[in-house]
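Biologist: Could you take me through this structure, starting with its aromatic rings and then moving on to the core and the helix packing?

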Amino acid sequence: MNHSQSRNAVASARIDTLDSLREHLQWAVELEHATLPPYLCALYSLNPERNPAAAEVVSSVFVEEMLHLALAANLLNAVGGSPRLDTPEMLPPHPRRLPHAAPSLELSLLPFGAEALEMFLRLEQPAPPGGPAEGAGYETIGQFYAAIEQGLRHLCEQLGEQAVFTGDPARQVSGTHFRHTAGQLFPVEDLESALGAMEEIVEQGEGTARGGVWDGDQDIFHPERDEVAHYYRFQELKAGRRYRRGDTAQTGPTGETVSVDLAAVSPMRHNPQLADHAPGNPIRTAQEQFNSTYCDLLNLLEQAFNGNPKLLADATGTMYAVKGKAQALMQLADEEGTVAGPTFEYVPPESRG
């Protein structure tokens with residue numbers, strides 16, 4: 001495909017109908033969810049007593065990705081859509097591509113370490129300055145949201161805000177249902193709040209639009225510090241230093257040292273699958289139980305985002321069950337010096353234990 005053809009392909013992928021907008025916002029729900037299994041595997045492989053800095057970073061990013069998932073659901077609900085989470089499409093086999101992204105955005109289930117860090121840095125990478133909006137085949141998450149923003153603005157100009165924001169306000173989830181993050185979960189009811197939701201998602205991931213390292217919030221664990229965006233939190237772990245005031249993306253972090261003890265990481269088998277073990281094998285049985293519980297979580301989230309916002313509290317309780325089952329798996333020896341891990345495979349509702 002030559003340059004003008006590729007430009008035309010991008011132009012034809014423009015979001016210029018309400019159906020296309022809803023489709024892309026469902027992709028946003030899928031995209032925000034797709035980051036969760038890799039972050040959970042890295043998080044549960046860490047011993048938080050021996051690796052407090054790494055556990056704090058990965059857990060804070062995970063909680064904010066849950067916030068982004070809720071904001072994406074609010075966006076979709078605001079324009080008359082219905083977020084779908086309890087579907088096989090949410091859990092394709094790993095390694096997998098980020099939904100509708102460029103092939104370079106690949107996700108694997110890995111224990112914490114250099115390989116996982118590189119994957120997270122690629123995932124949270126800031127959009128290049130002047131990078132085009134990309135509604136499909138996107139190179140960065142920021143470019144994907146830029147395409148949604150363009151589509152939203154275009155449709156509001158063409159049809160008027162009232163014709164775009166037709167969703168039932170009672171389906172919105174807001175801050176009262178969400179804790180443990182400096183970010184804001186708020187209802188989306190018009191163009192201004194929709195743009196605010198997308199800004200929250202993008203800035204927490206890659207920093208401010210001006211190329212800043214900070215995401216604009218106070219650090220919830222260290223109130224004396226400003227919060228560093230996800231991309232730069234992972235850079236801190238890779239460099240073994242914190243960012244301090246005056247540091248930039250170009251200087252890198254020059255502050256206090258951050259230590260990571262790779263000996264205190266469970267050596268989880270990479271990209272485990274149920275098919276690795278015969279039915280009845282204790283590892284496979286534990287993985288099946290994990291998958292069943294995780295799909296229960298997806299079901300609760302789907303209900304919470306489709307008119308029952310109070311179920312978010314139940315979803316939080318189920319997250320603790322997910323954590324317990326994942327950590328139990330990592331106590332089971334697997335092949336060649338590895339331990340077992342969760343496989344995040346879809347279980348149909350009628351097969352859940």
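Biologist: How many aromatic pairs does the count come to?

Modeller: Bear in mind that this is a predicted model. Two rings are taken as a pair if their centres lie within 6.5 Å. By this rule the number of aromatic pairs is ten.

Biologist: Which geometry does the pair of Tyr 232 and Tyr 243 have, stacked, tilted or edge-to-face?

Modeller: The ring centres of Tyr 232 and Tyr 243 are 5.7 Å apart, and the angle between their planes is 90°. Since planes over 60 degrees apart are classed as edge-to-face, the pair of Tyr 232 and Tyr 243 is edge-to-face.

Biologist: How many residues apart in sequence are the parts that Tyr 232 and Tyr 243 tie together?

Modeller: Tyr 232 belongs to helix 9, which covers residues 230–239, whereas Tyr 243 sits in the loop between helix 9 and helix 10. Tyr 232 has a relative accessible area of 5% and is buried, and Tyr 243 is buried with a relative accessibility of 5%.

Biologist: Which geometry do the rings of Tyr 294 and Phe 344 adopt?

Modeller: Their centres are 4.9 Å apart and their planes stand at 85°. The cut-off for this class is an angle over 60 degrees, so the pair of Tyr 294 and Phe 344 is edge-to-face.

Biologist: How far apart in the chain are Tyr 294 and Phe 344?

Modeller: Tyr 294 is in helix 10, while Phe 344 is in the segment after helix 11, so that the pair links distant parts of the chain. Tyr 294 is buried at a relative accessible area of 2%, and Phe 344 is buried at 1%. The separation of Tyr 294 and Phe 344 is 50 residues.

Biologist: Is Asn 291 buried or exposed?

Modeller: Asn 291 is also part of helix 10. Leaving aside residues up to four places away in sequence, Asn 291 touches Leu 274, Thr 343, Phe 344, Glu 345 and Val 347. With a relative accessibility of 1%, against a limit of under 20%, Asn 291 counts as buried.

Biologist: Which residues form a cluster of ring pairs with Phe 234?

Modeller: Not counting residues up to four places away in sequence, Phe 234 touches several residues, among them Val 57, Val 58, Val 61 and Leu 117. Its contacts also include two aromatic residues, Tyr 39 and Phe 120. Ring pairs join Phe 234 into a cluster with Tyr 39 and Phe 120.

Biologist: What is the handedness of the crossing of helix 3 and helix 5?

Modeller: Helix 3 and helix 5 pack at an angle of about 145°, and their axes are 11 Å apart. The crossing of helix 3 and helix 5 is left-handed.

Biologist: How many nonpolar, polar and charged residues make up the contact of helix 3 with helix 5?

Modeller: Helix 3 supplies Pro 38, Tyr 39 and Ala 42, and helix 5 supplies Met 119, Phe 120 and Leu 123. By class, the contact has no polar and no charged residues, and its nonpolar residues number six.

Technical notes:
Residues are numbered from 1 along each chain as its sequence is written. This is a predicted model: local features need pLDDT of at least 70, side-chain atom pairs count only at pLDDT 80 or more; totals for chains, interfaces and linings use all residues. Side-chain values use heavy atoms; hydrogens and water are left out. Rings of Phe, Tyr and Trp (its six-membered ring) pair if their centres lie within 6.5 Å; planes under 30 degrees apart count as stacked, over 60 as edge-to-face and the rest as tilted. Helices (H or I, at least four residues) and strands (E, at least two) are DSSP runs, numbered from the N terminus. Buried means under 20% relative accessible area, exposed over 50%, partly exposed in between (1.4 Å probe, protein chains only). Contact means heavy atoms within 4.5 Å. Axes are lines fitted to C-alpha atoms, for helices over the stretch in contact, and angles run from 0 to 180 degrees between N-to-C directions. A crossing is left-handed if the near helix is turned anticlockwise from the far one by less than a right angle, and right-handed if clockwise. Ala, Val, Leu, Ile, Met, Phe, Trp, Tyr, Cys and Pro count as nonpolar, Asp, Glu, Lys and Arg as charged, and the others, Gly among them, as polar.
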